[in-house]
Amino acid sequence: FRRSLAPDAGMLFDYGTPTRITMWMKNTLIPLDMIFIGADGKVVDIAERAIPHSEEIIPTRRPARAVLELNGGTAARLGIKMGDRVEAEALGLKP
């Protein structure tokens, strides 16, 4: 039910172990990019500009440990692509 997200902010969801994650946008009010992160910290999938209120399932093509949700368009703006490595202390992924 977020109405906004700061340009430099995101929401991180840690599933603990790699799994085929499915998401949807039913209760989401803003478009989001979803960055799916593997156990090794590499980006394994990206869903760009997910549509607010949509009940369409957004699945990963590969198992992922976590999902980082960003404002829609952020992945393209920052040039995030498959295979990029995420560094996140919260996930124990350090440089």
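Guide: What follows is a set of questions about the words used for this chain, with answers.

Guide: This is a predicted model, in which local features need pLDDT of at least 70, side-chain atom pairs count only at pLDDT 80 or more, and totals for chains, interfaces and linings use all residues. Residues are numbered from 1 along each chain as its sequence is written, and side-chain values use heavy atoms, with hydrogens and water left out.

Visitor: What makes up the chain, and in which order do the elements run?

Guide: The chain has one helix and six strands. Helices (H or I, at least four residues) and strands (E, at least two) are DSSP runs, numbered from the N terminus. Read from that end, the order is β-β-β-β-β-β-α.

Visitor: Why is the chain called as compact as a globular protein of its length?

Guide: The radius of gyration is taken over C-alpha atoms, and the globule rule is 2.2 Å times the number of residues to the power 0.38. For 95 residues the rule gives 12 Å, and the chain has a radius of gyration of 12 Å, close to that value, so it is as compact as a globular protein of that length. Along its principal axes the C-alpha trace spans about 35 × 25 × 20 Å.

Visitor: What share of the contacts joins residues at least 24 apart?

Guide: Contact means heavy atoms within 4.5 Å. Among contacts between residues at least 6 apart in sequence, the share is 73%.

Visitor: Why is Met34 called buried?

Guide: Buried means under 20% relative accessible area, exposed over 50%, and partly exposed in between (1.4 Å probe, protein chains only). Met34 has a relative accessible area of 0%, so it is buried. Met34 has its place in strand E3.

Visitor: What makes strand E3 largely enclosed?

Guide: Six of the six residues of E3 are buried, so the strand is largely enclosed by the rest of the structure. In a regular strand the side chains alternate between the two faces of the sheet. In E3 both faces are covered, with Leu32, Met34 and Phe36 buried on one side and Asp33, Ile35 and Ile37 buried on the other.

Visitor: How do you know that E3 and E4 pair?

Guide: Two strands pair if DSSP finds at least two bridges between them. Strand E3 (residues 32-37) and E4 have five bridges, in the antiparallel sense. Ile35 has Ile46 as its bridge partner in E4, and Ile37 has Val43. The two strands form a hairpin with five residues between them, and Gly41 in the turn has a positive phi of about 90°.

Visitor: Which other strand pairs with E3, and over how many bridges?

Guide: E3 also pairs with strand E6 (residues 64-71), in the antiparallel sense and over six bridges. There the bridge partner of Ile37 is Ala66.

Visitor: Why is strand E4 called largely enclosed?

Guide: Six of the eight residues of E4 (residues 43-50) are buried, so E4 is largely enclosed by the rest of the structure. Arg49 is found in this strand. With a relative accessible area of 54%, Arg49 is over the 50% cut-off and therefore exposed.

Visitor: What is noted about the phi of Arg49?

Guide: Most residues other than glycine have a negative phi. Phi of Arg49 is near 50°, a positive value in a residue other than glycine. His53 is not a glycine either, and has a positive phi of about 70°.

Visitor: Why does His53 count as partly exposed, while Ser54 is called buried?

Guide: His53 is at 48% relative accessibility, which lies between the two cut-offs, so it counts as partly exposed. Ser54 has a relative accessible area of 19%, under the 20% limit, and is therefore buried. His53 is found in the loop between E4 and E5, and Ser54 is in the loop between E4 and strand E5 (58-59). Leaving aside neighbours within four places in sequence, Ser54 is in contact with Trp24, Met25 and Lys26.
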